[in-house]
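Subject: Structure handover

Hello,

Here is the structure I said I would pass on. Please look it over before reading the notes below it.

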Amino acid sequence: MTASEARPRIPADLDIQSGSPGEVELAWLEARTRRHFLRSLGGGLGTLFLGTLHAKLVPSAKAAENDALDFSRDARTPLAPLPSQFPAKVRRVIYLHMAGAPSQLELFEHKPELKKLDGEDCPASFLAGKRFAFISGVPKLLASQYPFHQAGQSGQWISDRLPYIAKQLDDICFVKSMRTDQFNHAPAQLLVQTGNPRLGYASFGSWVVYGLGTENQNLPGFIVLLSGGKTPDGGKQLWSSGFLPSVYQGVQCRSHGEPVLYLDNPSGVSRSLRRSMLDTIDDINQQTYAAFGNPETVTRIAQYEMAFRMQMDATDAMDIRKEPDAVHSQYGSKPGEASFANNCLVARRLAERGVRFIQLYHWGWDSHGADAKEALNLGFNDRCREVDQPTAALLADLKSRGLLEDTLVVWGGEFGRTPMRENRGGQEMKYVGRDHNPGAFTIWLAGGGVRPGISHGETDDMGYEIVKDPVEIRDLHATMLYLLGFDHHKLNYRFQGLEQKLTSVKPARVVVEILA
Amino acid sequence: MNVPSQNLAQKQGASLTVPSRAAILSRFTPGLAMLAPVLVVTTLVAFLPPDGNERADWVQFIGRFHPLLVHFPIALFLLVPILEIVGRSARFAYLQLSVSFVLTLATLGASAAALLGWCLGRSGGYSGTLITQHMWGGVVLSVVCWVCWLLRTGRRELRLTYAGALALGVGIVAWTGYRGGQLSQGPNHLTEHMPNGLRNLLGVEDNRLASGWSGDPNTFFGARIQPIFAARCINCHGTDKHKGNLRLDSYRALMRGGKDGQVMQTGNVQGSDLFRRITLPASHDDFMPKGKQPLTADQVKTIELWISAGASDTLALNAISNAPSGSVAPAEAKFEEVDAAAVAQLRSAIAPAVLQLQKQFPNILEYDSRGSADLRLNASTLGSKFGDRDLEAFRPIAEHIIVADLSRTEITDHSADAIAAMKRLRVLRLINTHLTDATLLRLDSLNQLESLDVYGTAMTPAVLPTIAKLPKISHFMRDRPASYRANPCPRTWPVNLFSDDSAAKPIKAPRIPLAAACGVGYVRRRSVSRPIGSHSATRMSPVCRKMASCGVMNFLGQTGRATGCVEIRGRRFPACRLPIRRPPGVPDPGCKLEYPDRADHPLALRVEVAGHAHVIPVWNGL
């Protein structure tokens, strides 16, 4: 500390306006009394002592100050890549969210015991103290509607509804003991995507782009693709940036036409004309910035520039017509329509181009059995068909291109489904369906850093409750952030007096058992 | 205010006059009455000390009131110095009047507490140094209380002695109380949850885990059994406290047993009292650990397996193969901390060059992590704007680049040197570039390379031997472009194979036609080494089946030999898992199938022919 820094600030009541620096100093010295001296001497010594103690008493206090990760960037490049906290296994994420919560009992959870009890009354112990969305009275147990078989070298069980994914089982790591505390779609989806069931929190993709930036500055870092059909119940909040700066929110791209609305130049406007227009706007913005110094102005310039660059790259990245026919037959994609298959292919193209977080939403998995579309024995088949081949193709394609090494693919819904058949209003329904079960569900991961061909956690013989290694949503988040090279405590953002983080305030554990 | 000070003056006046013998006696009569219980308890403690055996229930019942009662004499005695000190001030002088009374109460309370303590210790099955010290502490405290009372009552200019006795008493209260706390709440109960900072400051060691640790960590007992005892049992059955005369802090003590005899019957799980007690329902009288959470299923299983395996302390750690995994707590991920100063030091040599390159080529060069001086180069986002000359600019920091993605850039074979200079590369992606074999053949110096991606390049099989020789390569990605099909493998190969995996004698062989389809792919598997017939053998079989389709394995079968070996990347494998015709009577060799490093996802099979090695590339997925 230099002498000038050490000097206390001049008391406010001294008239420092009139007078030379020498006079001010003299006035300051005159104002000092023996009491000042003694007080600062005693207090200073005490402070010194406490200062030395502080580091010892709270060893993490000093370290925490230094260790707080710096996520600041030049305002002109808010998406510039930043290194992860520690070496990362995963550089990008493709999250395949099955909105509506697919039934684990028809896809991944082989429960022979449940088959034996098919059609019997549900034991009272299953119902005591539970709330259901629609089940009332005493429902009947419902066996899996589809046969299971073991596949791959790892010999994991899978139902016959997913023949293509069955071929990729050796690359897949199941987490069969996922648990959530939300049993309605919108809050449960929010919990999965933002770590919090309420509105206003930053989504997973936003956190990742905030922490790591994105590799390709000509594309958004966080892209969201919907399969058509129904928008997820959680709505656009699922890819909102919450309290994070809005540049980190997910960009929802359309599956056909312009990927981003109004990205193309209007007819009659050439690219060079657009350029000169942007240059002029930039000039004006520069002047504004020079006058007011508001960093938001710089952000605005950056956004215009990015939109201009995206005109070329985004259109190219989304244009799956450029893929050969062999690839289309592999994915089952048909250019020009809105489908999960097309989105999977786009996801691979985006992953190749260095997009950090690619989020796909499929829809219609809410198999209550209230009508044919959401019946396990009818509409559910269509859903399986829609996602099975493209998902498997995406895995195989990423793998053959070497991208699966550092890409994390996640597949799953927001909760599970009951082993009981839904009996809305206490009546047997025309179609077969299951109610919501937040107590246990299955998701799977594949790719960089994940142990392939294993299954983590177990549920009871009915697939109703977890009996081994429960994994909370926040544990999954912590694990994914760990793979991306972050301690989930350190990837935080100060908002409303709290170091906000994806895993929120409850303790979260990295599920090391599923790490390669 | 006035009245007490007058009283005090009178009292002081009285004490100055010499009292008669009878007056002294009458004053001390209550003192003698107080001495009686003190003497009783001293006698009891001296002649009938606690010995670890449990006795009559009613004595125990009374004894259980010890912890309740014990706080009264503590508080009362600690009140005395406070009264004395505060009473020195004229304003509170009246306080001094109560001192004798409080001391009387404290003395009686201390002897009563000591008596109850003796009941608990004697009949509650306690023994050990802790209980002895605590007990004698209690007795000495009663004596000191009485002495203090005596001095205070006699009060003949004995101020120093009195003060000394009081100080001694306070010390004993603290020490005995601390010992008592250790007895009831564990030896580290005060420091157990001490913040690390304070712990460092005071130099208190964190021995939460270390307590009672004496086993050899290489034995099953030391590594698996003792940690369970240390965590769950030795608080009551340890060095300082051995309830039921049983100690579980060493193997010898465990085998010696407790007051009811041995607790372990080697090899006999059901006969071992220890096992019986830990598996009883928690509500049972004999259940252990008493009043605590039962041992976990894994812990019980581990102990059960160990007892049935002979309960030896020399049993090797891995001798019991089906023991539950040892971790008491689930494994936790470690987050690396970033030390800013160390990182700056690490990066100092390259930091200026990196900064300059980051300015020149924004967003493509980054450190691998915040704690690392290794670099990642991702030029793929620049695409055709990145060429040979640009890559040349990275030459000064080439050795720090560990991941390079040059996909879709305009680099050509002129960059071969620049790439080869990145000697520490772990991952190299060259998807859809104009590079040819010329560059790939130069990569033999990249001995850290784990992953190479040449998807969409004009690579030919000619580079396979070079790539196969890279010591760490485990992932190799390529597609099957037309250019590759134009250069198929030779139609025929002259093949000799080894007749078994030990003799180097090659089988004389005809020229065998090889299937035309050859290529390279990757199959990602963990390295394994397991006996044949297990999972790994089946993984190997597609490799061999591929060979069979090339005619190689059929050939082996025709020789009538049960064994044979193929060589993959310099290591030999028996081919006995193949569906070959083994003549009846020839036993299965049962040899181990070992995978060489990363050959469980072989790039190519190497077949040796009379001193010449041939590399047979293998397709994706085999």
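Predicted model: local features only at pLDDT ≥ 70, side-chain atom pairs only at ≥ 80, totals over all residues.

Residues are numbered from 1 along each chain as its sequence is written, chains are lettered from A and ligands numbered from 1 in the order in which they are written, and side-chain values use heavy atoms, with hydrogens and water left out.

Interface. In chain A, 43 residues are in contact with 39 residues of chain B (contact means heavy atoms within 4.5 Å). The two chains bury about 3800 Å² between them, 48% of it on carbon and sulfur atoms; buried area is the accessible area (1.4 Å probe) lost on putting the two parts together, summed over both. A:Pro83, A:Gln153 and A:Glu405 supply 17% of the area that chain A buries against chain B, more than any other three residues.

Helices. Helices (H or I, at least four residues) and strands (E, at least two) are DSSP runs, numbered from the N terminus. In chain B, H10 (residues 220-232) packs against H13 (residues 297-308) at an angle of about 135 degrees, with the axes 11 Å apart. Axes are lines fitted to C-alpha atoms, for helices over the stretch in contact, and angles run from 0 to 180 degrees between N-to-C directions. H10(B) and H13(B) are therefore oblique to each other (under 35 degrees counts as roughly parallel, over 145 as roughly antiparallel, 65 to 115 as roughly perpendicular, and the rest as oblique). Residues in this contact include B:Phe221 and B:Ile225 of H10(B), and B:Ile303 and B:Trp306 of H13(B).

In chain A, H11 (residues 295-318) and H13 (residues 340-352) also pack at about 135 degrees, with their axes 8 Å apart. That makes H11(A) oblique to H13(A). Here A:Asp316, A:Ala317 and A:Met318 of H11(A) meet A:Val346, A:Arg349 and A:Leu350 of H13(A).

Strands. Two strands pair if DSSP finds at least two bridges between them. In chain A, E16 (residues 492-495) and E17 (residues 498-501) run antiparallel and are joined by 4 bridges, with A:Phe495 opposite A:Leu498. Their hairpin has 2 residues between the strands, and A:Gln496 takes a positive phi near 50 degrees. Chain B has an open sheet of 6 strands in the order E1-E2-E3-E4-E5-E6, with mixed pairing. Its edge strands are E1 (365-367) and E6 (475-477).

Regards
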